[in-house]
Amino acid sequence: MKILGLSFFYHDAAACLVIDGVPVAMSEEERFSRIKHDSEFPKLAVKFVLEQAGLKPEDLDVVVFYEKPFFKLDRIMRSALTTFPLAPRVFVESIKSLFTKKIWVRQIISEELGVPAEKIFFSGHHYSHMASSFFCSPYEKAAILTIDGVGEWATTSLGVGDGTKIDVLKEIRYPHSLGLLYSASTEFLGFEVNEGEYKVMGMAPYGTPKYVDRVRKLLRVNPDASFELNLEYFAYHLSHNRSCSKKFFELFGPPRDRASHFFTRTSGWPSYFGEKPGPGEYEKLAEQQEYYADVAASVQAVLEECVVGLANQLHKETGLTRLCLAGGVALNSVANWKIVAQTPFKEIFVQPAAGDAGGALGAAMALEMVQPNAKRSYTMMHASYGKAFTSAEIEETLKAEGMAFTRASSETDLIEQVTTALEGGKVIGWFHGRFEWGPRALGNRSILADPRRTEMKDIVNTTIKFREPYRPFAPSVLAENAEEYFEMPNAMNHHPARFMLFVAQVRADKHSVIPAVTHVDGTARPQLVFAEDTPRYYKLIKRFGEKTGVPVLLDTSFNLKGEPIVTSPKDALNTFMKSGMDLLVLEDYLVWHP
Amino acid sequence: MPFSDLWTTFKAGYKRFEKIMHAFGNVVSAVFLMIFYYTVFALFAIPFRLSRKKNAIPSSFEKPHATFGTPEAFREEF
């Protein structure tokens, strides 16, 4: 059966093609449209997934959308009734967007693809999330926990997956949402909602959770781990562009200025901020920023408490020891590891596009699994489901752009040249194979550097990616060496570590060995690299390890701040030319920065 | 006035309306919806609010809204 899964109109639009229960191609629309978090109908992603399988829209058996638009309408209307007369603008904006396009999903899909309306199906938002995780996991039976901002109604769902069935046990509904709590804090800390949540996670280790008691005032957690937000502190139900209410600011003070430099006395004042302020001013600024770091740490701590509480409750009710996580909150890799460390769930699974883009995958898998005689035959072991480019396409691009390049004589020659460059402190744009599914670069569209050099973090942050200097970089490590560097027992069995979805402590004796990927609190977000899944990347790290004694690379996504990760050789070349990278590797082709 | 003249007048008027809507469609629809919010919608919202003391939405675990055991469950938008 050929099923096209789609998600669009809210966060990250995506398309996923599943054939006989196996995903064959999937991509977020932003990778092709080059618009970060593009939420419009994923025309280009659909074109790609169909081309990848040699299909036309009429060859599809079914198209499935990741949520139920009328359920969402129900939530929005009820919410408007509940908040009357305080939210007229939310009402106006919602009605306009819903009635002009968002409830006409069946008609839009039918028109865009030319498929008959009766071939178009609808999954549930949280059900799609659950399916995206459980049906891609290696588990025959597992508990499932989905936490995000909001779907149609649900913000948190607990369930059990068994074979081809998912049983949703219970849910918590809007407006009580851990995702929206985290988003409100993101806004308060000076970042963009739905974009800056991972920056809060990166900021938290610079602070101490001193304000946990204040954060706890924002919500009440019940003995069964369900929770209720105190809506007096929030405004997301009353406004389209504000998440925090006046009372939130009375509790935490004024929000952090988006334009201010973030630093603490631990991080110091980096030279690229410009001239260091005088001692008095420096202390004052540091104190201000440290306060926000403490708030970030407190919010993160409370989120972790809630997530761990929900996981414990789910274990209590199901008795299961394997857990599938999904929803935007499942991208919080710090909280993910806390589940393993602090609950009876010792094996967990998260697929790399755990947010709304993953709904396209989940909807398709969910519909496949309710077909008569459905069987599970798939486990997601890697994220290479995007588009690959041929040597001819790459060479054509390089010639068209008038770039000087060389071609490696063999893979061994290529790896030798690249590892020599890395060892010599060069920063490399690495482009190989099909691009990754989800927001993480996992060795297919990555910027690579030597993790042993302390200065690499600052170089890559400020001259290559032009992003906030406090944000950490992740290490890619050979799977068999992971436990040598990270406090992660049975590392090879931890599936999320394949997709950089765990944050673990770097072993104390390794902090000084890989300083560029060790965060301020001694943690890292490692990617375990397996030879069978990404063979060329594995060989590269292995050779680097043979030369240096450290089988680890600094890996960050191949993009500039605010841009989607590169897709094509042309995107890679543009990014390369705009940044301070030294070498660009496009499959077997090498381009040195002029 | 002959019918053809009426039709021409109507068409011209409609074209003008279309131009205004094109330029100010957002404002016109926003004003219309705002009026709707405080009049027709209020007729439903006020009794709804009065019938519920605090929050209309439960704050602890609820049973799921929908189940997806068969392909039929995926058929509709609701």
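## Ground rules

Two residues count as in contact when their C-beta atoms, placed from the backbone, lie within 7 Å. What you're looking at is a predicted model, where local features need pLDDT of at least 70, side-chain atom pairs count only at pLDDT 80 or more, and totals for chains, interfaces and linings use all residues. Residues are numbered from 1 along each chain as its sequence is written, while chains are lettered from A and ligands numbered from 1 in the order in which they are written.

## A helix on an open sheet

Helix α11 (residues 279-318) of chain A lies across β6, β7 (154-162), β8 and β11 of chain A, and runs at about 150° to β6(A). Helices here are DSSP runs of H or I with at least four residues, strands are runs of E with at least two, and both are numbered from the N terminus. For the angles, axes are lines fitted to C-alpha atoms (for helices, over the stretch in contact), with values from 0 to 180 degrees between N-to-C directions.

The open sheet has five strands in the order β8-β7-β6-β11-β12 (chain A), and its pairing is mixed. β8 (165-173) and β12 (347-350) of chain A sit at the edges with a single partner strand each, so one side of each has no neighbour in the sheet. From one strand to the next, the twist averages 20°.

Strands pair if DSSP finds at least two bridges between them. β6 (residues 141-147) and β11 (residues 322-326) of chain A run parallel and are joined by four bridges; one of the residues involved is Thr146(A), whose bridge partner in β11(A) is Ala326(A).

## The whole chain

Chain A holds 19 helices and 22 strands. Its radius of gyration, taken over C-alpha atoms, is 23 Å, close to the 25 Å that the globule rule gives for 594 residues, so chain A is as compact as a globular protein of that length. That rule is 2.2 Å times the number of residues to the power 0.38. Along the principal axes, the C-alpha atoms of chain A fill a box of roughly 65 × 65 × 45 Å.

Among contacts in chain A between residues at least 6 apart in sequence, 72% join residues at least 24 apart.

## Domains 1 and 3

Bounds come from an automatic or database domain assignment, which gives chain A domain 1 (2-136 + 363-369), domain 2 (178-349) and domain 3 (391-592). The centres of domains 1 and 3 of chain A, over C-alpha atoms, are 32 Å apart.

Six residues of domain 1 of chain A are in contact with seven of domain 3 of chain A. On the domain 1 side, helix α1 (residues 30-33) of chain A gives the largest share, three residues.
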